[in-house]
Structures are given as structure tokens and as C-alpha cells.
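Please examine the sequence and the structure shown below. The account that follows is meant to be read alongside them.

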There are 4 protein chains.
Amino acid sequence: MGNFKGHALPGSFLLIMGIWWTIKCILKYAFKKQKRTSYLDSKALFRRIEILEGIISVGMTLTGILGEQFLPGGPHLILYDYQEGQWVQLLSWQHFTMYFFFGLLGVTNILSSTIISLPASFSKLMLSNALFVEAFVFYNHTHGREMLDIFVHKLLVLVIFSAGLVAFLELFTQTSITVELLRTSLILLQGSWFWQIGFVLYPPSGGPAWDLKDYDNIMFLSICFCWHYATAIIIVGAIYAFVTWTPLPLKRALCLLGLLYNQVLYATL
Amino acid sequence: MGNFKGHALPGSFLLIMGIWWTIKCILKYAFKKQKRTSYLDSKALFRRIEILEGIISVGMTLTGILGEQFLPGGPHLILYDYQEGQWVQLLSWQHFTMYFFFGLLGVTNILSSTIISLPASFSKLMLSNALFVEAFVFYNHTHGREMLDIFVHKLLVLVIFSAGLVAFLELFTQTSITVELLRTSLILLQGSWFWQIGFVLYPPSGGPAWDLKDYDNIMFLSICFCWHYATAIIIVGAIYAFVTWTPLPLKRALCLLGLLYNQVLYATL
Amino acid sequence: MGNFKGHALPGSFLLIMGIWWTIKCILKYAFKKQKRTSYLDSKALFRRIEILEGIISVGMTLTGILGEQFLPGGPHLILYDYQEGQWVQLLSWQHFTMYFFFGLLGVTNILSSTIISLPASFSKLMLSNALFVEAFVFYNHTHGREMLDIFVHKLLVLVIFSAGLVAFLELFTQTSITVELLRTSLILLQGSWFWQIGFVLYPPSGGPAWDLKDYDNIMFLSICFCWHYATAIIIVGAIYAFVTWTPLPLKRALCLLGLLYNQVLYATL
Amino acid sequence: MGNFKGHALPGSFLLIMGIWWTIKCILKYAFKKQKRTSYLDSKALFRRIEILEGIISVGMTLTGILGEQFLPGGPHLILYDYQEGQWVQLLSWQHFTMYFFFGLLGVTNILSSTIISLPASFSKLMLSNALFVEAFVFYNHTHGREMLDIFVHKLLVLVIFSAGLVAFLELFTQTSITVELLRTSLILLQGSWFWQIGFVLYPPSGGPAWDLKDYDNIMFLSICFCWHYATAIIIVGAIYAFVTWTPLPLKRALCLLGLLYNQVLYATL
């Protein structure tokens with residue numbers, strides 16, 4: 001992860017996921033409101049989407065874990081080097097841990113969509129767990145680094161924890177579109193903040209990194225963080241307007257497109 | 001902001017807003033209780049008020065942003081001075097950020113009052129967001145200042161965060177007048193605390209500022225903060241008594257007055 | 001407050017209040033369950049009790065404030081000594097602040113029991129406010145003291161804040177006897193902890209105070225705090241058993257006794 | 001407790017308790033769903049199980065307390081040694097405190113299962129109290145120890161506090177199987193983390209303890225903590241699958257087995 005790509009990749013992934021979840025959540029809300037006979041069909045459609053999503057996230061998790069472990073330079077499933085008496089590449093194992101929990105989320109998604117008797121809130125619980133674990137891992141990630149490096153990661157922990165908290169609180173109340181969109185906007189913020197961290201710590205222009213000890217940089221990044229959030233909110237708003245004001249056949253097409261898009265992703269894996 | 005006016009202005013604005021919101025909230029509760037045929041009319045009235053409020057807050061935000069940016073001494077939309085290699089007036093950009101989120105709140109107010117299909121909780125979400133962002137910005141505001149300066153700003157963050165938390169919790173439960181009045185009383189407290197900060201850091205009498213290193217001053221201000229809150233509660237109580245015990249025609253007049261007052265504000269902009 | 005009596009007095013007051021609130025809460029629950037015609041009578045009875053309680057707490061607050069201000073050695077309503085250039089007896093003003101909020105709670109009790117149109121949750125809000133303000137004042141109370149002194153006051157803040165939090169959360173959900181008893185048990189804990197602080201800092205035996213720098217004392221007091229809580233829970237349980245297993249006429253008598261007891265308190269003021 | 005056994009014992013106990021609670025909670029959910037005439041029988045069965053559980057936990061508490069107090073080396077109910085002027089074995093008294101609260105939970109379990117008029121949420125309140133007290137005691141447990149020792153105990157406090165928080169939040173909402181399984185998975189995590197602490201601080205192989213000052217060990221243990229949680233989740237999932245997919249007579253047999261198992265435990269005490 002110690003380069004620009006290593007931050008841009010998860011960032012892009014989170015951005016795509018956030019946009020897709022926003023669309024899905026608004027579509028669900030729109031279909032529920034119309035309550036025509038078509039509702040049942042759309043319900044089956046959403047179930048199929050959920051299953052595909054789950055399969056993809058499990059597939060991605062496996063790819064991520066295997067890649068991280070067996071690419072040259074990875075730990076090759078070795079945890080402790082008894083000869084040197086030290087742990088082998090703990091950063092890789094941290095990523096492994098985070099991937100694993102998102103994999104569990106994928107498995108739960110598949111199971112609660114195929115087995116009807118399972119409570120639907122199981123996947124919300126697993127989402128909240130995956131986010132809390134991610135926040136926990138990042139919180140224990142920055143020992144002995146520079147001030148600015150720690151600050152941008154603290155903000156990252158703040159977003160992830162907030163998203164986890166919202167998912168956790170959803171366990172205790174009935175679903176509301178406002179709260180769900182809040183959660184997806186926080187996912188978007190997390191994605192774009194990963195990009196920002198990449199730009200700050202490993203400028204892609206090849207120039208020197210930012211001055212990690214200048215307090216002005218911290219002050220600017222704290223404002224910048226708010227601007228990212230404002231952008232995330234505006235994107236969610238634009239998606240809302242776009243999805244709501246498309247006619248019904250188009251909406252159904254959007255669902256199918258989502259299905260297709262997921263299937264293409266599945267094929268490329 | 002680094003003078004008395006710069007703290008008295010937002011303080012007055014918040015006080016006026018807090019009083020108006022208190023009146024509005026109690027009027028709504030009173031009209032809901034009577035449930036006459038007049039209720040529908042009052043609902044339309046409230047919708048019109050909400051729209052005007054939204055327009056005003058958008059207008060004010062724009063004025064604030066443009067004034068802050070283009071008045072002599074402002075950053076003129078320049079963020080980074082490449083020659084000197086430093087950020088341009090980050091304090092102005094902090095204010096810009098806070099204004100912007102209140103502008104978003106205004107836009108949401110307008111949209112959820114004009115478009116019926118939008119969930120009403122959207123504007124509550126944006127209010128909570130605006131308050132959390134304000135608290136976040138003030139939290140990263142006081143690096144390297146004196147003890148008392150930091151303390152009064154910490155208390156400010158405490159009020160703003162509490163108000164944001166109450167608005168956030170309202171997302172998960174049905175509305176209750178008690179919780180709404182708690183929120184408006186916290187807005188009032190925020191307004192009067194801005195005045196207090198002005199008096200402490202930039203005494204308008206022209207005399208010397210308070211001793212920023214004396215712990216007794218901190219102790220007094222922590223009590224003073226409670227007194228401000230007690231005053232805010234008493235003001236809310238007085239408004240409650242006044243609004244509840246006015247006869248119905250007067251209440252309707254009050255609504256219209258609010259509308260007019262908003263329109264006058266709108267005209268003066 | 002800087003002696004044993006100054007801690008035993010509020011402690012005793014809180015213990016009596018906690019026991020009385022526990023009895024009241026269980027009686028209410030018992031009467032609600034029976035739902036006989038007698039229920040309406042008991043409701044009127046409870047209203048009268050609430051009013052008396054309010055009057056008493058207002059009276060006590062006034063006594064406390066006047067005593068603290070005008071007894072020899074008090075600040076006599078003087079806040080700032082311009083000659084010496086320092087604040088006058090801030091500790092007295094801190095007590096004044098706490099008393100004042102409990103007085104507001106009393107006024108709210110009276111008002112919401114006499115005026116039917118007022119939401120009942122107003123007095124719960126004021127209770128939560130009074131507790132939060134008390135916790136806030138105690139939190140800013142212990143600057144520059146010894147380790148053990150700070151620790152016992154931190155625990156005090158913990159109890160008060162917890163009780164305030166429970167009252168605050170009650171605003172968002174319907175009433176439940178379990179949560180109400182949790183709150184009264186925390187009030188009991190606060191009362192007995194005041195006694196404990198008195199014993200630790202100002203031993204009534206006249207012997208030397210505890211060693212304020214010994215870490216073993218902190219460790220013991222952290223256990224002791226739990227024992228106080230266990231005792232509070234057992235007392236609440238005993239009261240529950242006693243009140244529930246008394247026959248109905250006795251229960252009614254208990255209510256009247258409470259009324260009488262309140263009236264006697266009122267007379268002695 | 002200062003050895004491997006002293007951590008493995010409570011760990012094993014918590015693991016068994018966690019597994020049993022998971023089974024019970026899923027069985028309840030399964031029976032509730034079927035709603036046959038058999039439901040009433042199963043309800044009576046569950047009540048009997050609760051009573052036995054309560055008796056066992058009271059018995060265990062008593063054994064634990066008496067063993068800790070009167071075994072050679074224990075404090076023999078002496079709290080303060082006036083001759084030496086110091087507290088007697090505060091660690092033993094800390095354990096005593098924790099046992100005592102779990103004993104109170106047992107008593108509440110017995111009472112709310114035998115007396116129908118008691119609200120069922122009482123035992124949830126006592127569970128939350130017992131967990132909060134345990135977290136509080138462990139929080140004040142690690143003064144003056146090494147970095148890694150403090151870290152593993154901090155994580156322990158985190159699990160216990162989280163479990164207590166979930167139980168506390170359950171007081172305010174209706175029961176949901178998702179939240180209950182979250183709680184039991186946190187109990188399982190607590191149990192396996194006790195084992196881990198034993199392995200870290202007192203390696204049973206007799207080899208030297210881990211390097212308590214090496215930051216890499218902290219980093220590994222923070223990941224390891226997540227793996228423990230993942231394992232706990234997988235165990236809960238496996239139990240869910242096993243219990244749900246057994247036919248009804250087997251489920252009833254499982255209940256009886258639980259009853260028997262509890263009775264055997266009762267006999268061995």
C-alpha cells in the first residue's frame with residue numbers, strides 16, 4: 001500500500017461501490033412507493049442482484065487475499081519468522097484481516113438472499129462489523145509516523161467508524177432512506193479520502209511529498225475533508241434526482257444494467 | 001473574525017434564528033393539536049415559510065461567501081500561494097466551508113418543501129451534517145492559542161456537537177416537541193456563547209482582554225456557560241407560554257408575521 | 001463544602017430523594033397494572049404529589065441559594081471584586097448554578113402537573129439537563145488537586161453523567177420501569193458516593209485524611225464504588241419487593257404517606 | 001490470576017456460556033417462528049432452563065467467592081491490615097466484586113423466571129450492569145504494568161464494554177435475534193481473548209513471555225483480536241446452521257439436553 005496506486009485502488013473501489021449502493025437504495029425506495037404488481041418482480045430482481053453482489057465481493061476478497069499473500073514480496077501465509085524472531089509483514093496481514101471481514105459480509109449477503117428464513121438484518125450486522133474492524137485496524141496502523149500522516153489516517157478512521165456506527169444504529173430501528181443515504185455518502189467520502197491520502201503522502205506527479213510537520217497543512221486538510229464530504233452529498237443528491245426522475249421502464253432497465261454490470265464484473269474476475 | 005464584531009454578528013444571527021425556530025416549532029405543535037379544518041391551511045403556510053427560509057439562508061450564505069472572498073483582504077478564491085509556498089488565509093476558507101454547508105441546508109429546505117415526494121427527514125439530516133461540520137471545523141481551529149481561548153472554543157464545540165447529536169438522533173425516532181425545543185435551546189446557547197467569546201477575547205470597551213492564563217477565569221466561564229444555558233431555557237419557556245396562550249387568530253397572524261419578516265429579510269438582501 | 005458535613009448533607013438528600021423516587025415509580029407501575037376504577041384516583045393523587053415535590057424542590061433550592069449567598073462568609077451576590085481584581089468565591093457560585101437547575105426542574109414539575117396541555121416529557125428533559133449541568137460543573141471542579149481527590153470526583157462525574165444519559169435516552173423511547181429504576185439506582189449511588197467522598201477527604205473521626213498519593217487507595221476506591229452500586233441495586237430490589245407485596249389499601253396509604261411526608265417537609269422549610 | 005490457568009479458566013467458562021446462550025437464543029427464535037401448540041410447552045421448558053441457569057450461576061459465584069477468599073493465600077475476608085497500614089490483596093477483592101455482580105444476575109434470572117409479574121428486562125439490565133462493572137474493574141486493573149500487558153487488557157475492556165453496551169441498548173428496543181447473537185458473539189470473543197492473554201503473558205510451554213515492549217507485538221495482537229472475532233462469528237454461524245436445520249424433535253431434545261447439562265453442572269457443584 002505504500003504508494004499512490006495502493007491508495008487509489010481501494011479508493012476507486014469504494015467510490016464505485018458507494019455510487020452503486022446509492023442507486024440501489026433509491027431504486028428500492030422508488031419501487032416500494034409504487035407498489036404495483038411489478039413490485040414482486042422487482043423484489044426478485046433485487047434478490048438476484050444481492051446474490052451476485054455477494055459472489056463478487058467474495059471473489060474480490062479471495063483475489064485480494066491470494067494476491068497479497070502470494071505475489072512476490074508477500075508473506076506466503078507465513079506469520080512468524082522463527083529464525084529472525086520477528087513477525088512477517090504485518091501490514092499485509094492487516095489487509096488480509098480487512099478483506100476477510102468484507103468476504104464474510106459477502107457470504108452473509110448470499111446466504112440471507114437465498115435462504116428466506118434468515119433475518120435480513122444479518123447482512124447489516126456484518127456490514128457494521130466489517131466497518132468497525134476496518135476502523136480498528138486503521139486506528140492501530142500509524143504508530144511512529146509523522147504528524148500529518150497520522151492526521152489523515154485519523155480522519156479516515158473517523159469516516160469508517162461513523163459509517164459503522166450508522167449501520168449499527170440501523171440494527172435498532174426500522175429502515176429509513178435518509179439514514180441509508182447517509183451511510184452511502186460516508187462510503188463515498190471514504191473512497192475519495194483514500195485518493196486524497198494518496199495525493200498527500202505519495203504525490204503522483206513525482207514531486208516531493210507535502211511537508212508532514214507543517215501545521216498549516218493539517219488545517220487545510222481538515223477543511224478539505226469537509227469539501228470531500230460536501231462533494232459526496234452533492235453526488236448522492238444528483239443520483240437521487242437522476243434516478244427519481246427517470247421513467248419507470250428506465251428504472252427497471254437500470255436494475256438490469258446493475259445486474260449486468262455485476263455479471264460483467266463477475267466474468268472479469 | 002478576529003474582533004468583537006466578527007463574533008457578535010454570527011451570535012446575533014444564531015439568536016434570531018433560534019428564537020424564530022422555537023416559535024415555529026411551538027406554532028406547529030399548537031396547530032397540530034387543534035386539528036381543525038384550518039390545519040390544512042396552516043400546513044400550506046408552513047410550507048411557504050420553509051421555502052422562504054431556505055431562500056434566505058441560501059442568499060445569506062452566498063452574501064457571506066462572496067463578502068468573505070472578495071472584500072479587501074480576502075483570499076479572492078485563491079487557495080494556495082505558489083510563490084510564497086503557503087496556504088492563503090485558511091481562516092477565511094474555514095468560514096467558507098461552514099457557510100457552504102448551511103447553504104446546502106437551505107437548498108434541501110427549499111427542495112423538500114417544493115417536491116412532495118422527498119422525505120422530510122432530508123432537511124434534518126442536512127441540519128445535523130451542517131452542525132457536525134461546524135463542530136469539526138471549530139475543533140481544528142485553535143492550534144497554538146492560549147489556554148482560555150482554547151477553553152471557550154472547546155465549549156463552543158461542545159454546544160454545536162450536542163445540537164448536531166440531537167438532530168442526528170431525531171433521524172431515528174418520531175418527532176417530539178421536547179426534543180425539538182432542546183435543539184433550539186442549544187442553538188440559542190450557541191448564539192449567546194458567541195457573544196460571550198467576543199466579550200472575553202476582544203472586550204468592546206476597548207479595555208485589555210481577560211487574562212488568558214488565569215485558571216480562575218476558566219472556572220468562572222464554565223459556570224457562566226451554564227448560566228447562558230439557563231437563560232436559553234427560560235427564553236424558550238417564555239416563548240412557549242407566549243405562543244401557547246395567544247388566541248388562534250393571533251397565532252395565525254404570528255405565522256404571517258414570520259412570513260413577512262422572512263420576506264423583509266429577503267428584500268433587504 | 002470543604003468539610004464532612006458539606007458532603008454528607010447533599011448525600012443524604014440524594015439518598016432520600018432516590019428512595020422516594022424508587023417507591024413512586026414502583027407504585028405507579030403497580031397501579032397502572034391493576035387498572036381498576038381506582039386508577040383515575042391514583043392518577044390525581046400522583047399529580048398532587050408531583051406538585052408538592054416541585055414546590056419542595058423550589059423551596060429547597062431557594063433556601064440553599066440564599067443560605068449559600070448570605071450566610072457569613074458567602075459572596076453576598078458579589079461576583080467580581082474589582083478592588084482585588086479577582087472572582088469572589090467561585091465554589092459558592094458553582095453550587096448556586098447546580099441549585100438553580102434543580103430549581104428549574106422543580107418549576108417544570110409544578111407546571112407540567114398543573115397545566116395538562118404541557119408534554120410530560122418536559123420534566124424529564126429538565127432532569128436530564130440538571131444532571132448534565134451538575135456533571136459539567138463537577139468536571140471543571142478539581143483543577144490542581146491531588147490524584148485521589150481528582151479520582152473520587154471523576155467517579156462522581158461518571159455517576160451523574162450516566163444518570164443524565166439515561167434520562168436523556170428516556171426522551172427518545174416510551175417509559176419502561178426497568179430504565180426508570182436504573183436511573184433511581186444511579187441517584188442512590190450518587191448519594192452514597194457523596195458520603196464516601198466525605199469519609200475519604202475529611203474523615204469525621206478527626207483522624208488524618210487518606211494518603212492522596214497512594215495508588216492502592218485508588219484501586220480500593222474503584223472496587224468500593226462497585227460495592228456502593230451493588231448496595232444501591234439491592235436497596236432498589238428490596239423496595240420493589242416491599243412495595244409490590246403490600247396489599248392495595250396499604251399501597252394507597254403509602255401514597256398518602258408520601259404526600260404527607262412531602263407536606264411535612266414543606267412545613268419545616 | 002497471575003498464571004496461565006487463572007486466565008484459561010474464566011476463558012473456558014465464558015466460551016461454554018457463550019455457546020450455550022447462542023444455542024438457547026436460536027432455539028427460542030425457532031420455536032417462536034413455528035408457533036404450534038408446542039410453543040407453550042417450550043416456553044415452560046425455557047423458564048425451567050432459566051431457573052436452573054440462575055441457580056448454577058449463583059452457585060458458581062459462591063464457590064468462586066469462597067474459594068478466592070478462604071483458600072490458602074486468600075484475604076480471608078480481611079480488607080485492611082491495620083498493622084502494616086495497607087490493603088490486603090486488592091486483586092482478590094476485584095475478582096470478588098465481579099463474581100458478586102454475576103451472582104446478582106443469577107438471582108435476578110431466578111426471580112424473573114419464577115415471579116411472572118416481574119418485567120423480563122430486569123435480567124437484561126443486570127447483565128448490562130455486570131458487564132459494565134467488569135469493564136470498569138478491568139479498566140482500573142493495569143496501573144504501572146508494561147505496554148503490551150496494558151494493551152491486551154485494554155482490548156479486553158473494549159469487548160466487555162461493547163457487550164455491556166449492546167445489552168444496555170436492548171433495554172430501549174424490542175428484542176431482535178441479530179442483536180442477541182451480536183451479544184453472544186462478543187461473549188465468545190471475550191472468552192477466547194482470555195485464553196490469548198494467558199498465552200501472551202504466561203506461555204504454558206514454560207518458555208519466556210513475549211517481549212512486552214516490542215511494538216510489533218502490539219500490532220500483531222490488534223490483528224489477532226480481529227481473527228478471534230472472526231472465529232467467534234463463524235462459530236455462531238455454524239451453531240445457527242446446526243440448530244436451524246435439525247428437525248423439531250431433535251430441537252426439543254437439545255432443549256432437554258441443555259436442561260440436563262445444566263442439572264449435571266448443578267450436581268457437580
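The structure is a predicted model. Two copies of a chain are related by a rotation about an axis and a shift along it. Here, chain A is laid on chain B by a turn of 90° with a shift of 0.0 Å along the axis, and the RMSD is 0.0 Å. The two copies are therefore related as by a four-fold rotation axis. Within chain A, A:Thr173 has the C-alpha nearest this axis, at 5.8 Å.

The interface comes next. Chain A brings 31 residues to the contact and chain B brings 29 residues. Between chain A and chain B an area of about 2700 Å² is buried, and carbon and sulfur atoms give 79% of it. Of the area that chain A buries against chain B, 20% is supplied by A:Thr178, A:Met219 and A:Trp227, more than by any other three residues. As for polar interactions, 4 residue pairs are in polar contact across the interface of chain A and chain B, whereas 0 salt bridges are found there.

Which elements of chain A give two or more residues to the side that touches chain B? They are α1 (4–34), α5 (147–170), α6 (177–201) and α7 (215–244) of chain A. The largest share of that side, 15 residues, comes from α7(A).

Helix α4 of chain A, residues 121–139, may be considered separately. This helix has 19 residues and reaches 27 Å from its first C-alpha to its last, close to the 27 Å expected at 1.5 Å a residue. Because 16 of its 19 residues are buried, α4(A) is largely enclosed by the rest of the structure.

Key. Residues numbered from 1 in each chain as written. Chains lettered and ligands numbered in written order. Predicted model: local features only at pLDDT ≥ 70, side-chain atom pairs only at ≥ 80, totals over all residues. Heavy atoms only, no water. Helix = DSSP H or I, 4+ residues; strand = E, 2+ residues; numbered from the N terminus. Expected span 1.5 Å × (residues − 1). Buried < 20%, exposed > 50% of the residue type's maximum accessible area, 1.4 Å probe, protein only. Least-squares fit on C-alpha atoms with pLDDT ≥ 70 in both. Contact = heavy atoms within 4.5 Å. Buried area = accessible area lost by both parts, 1.4 Å probe. Salt bridge = Lys/Arg side-chain N within 4 Å of Asp/Glu carboxyl O. Polar contact = N/O pair within 3.5 Å; in protein donor to acceptor, adjacent residues only side chain to side chain.
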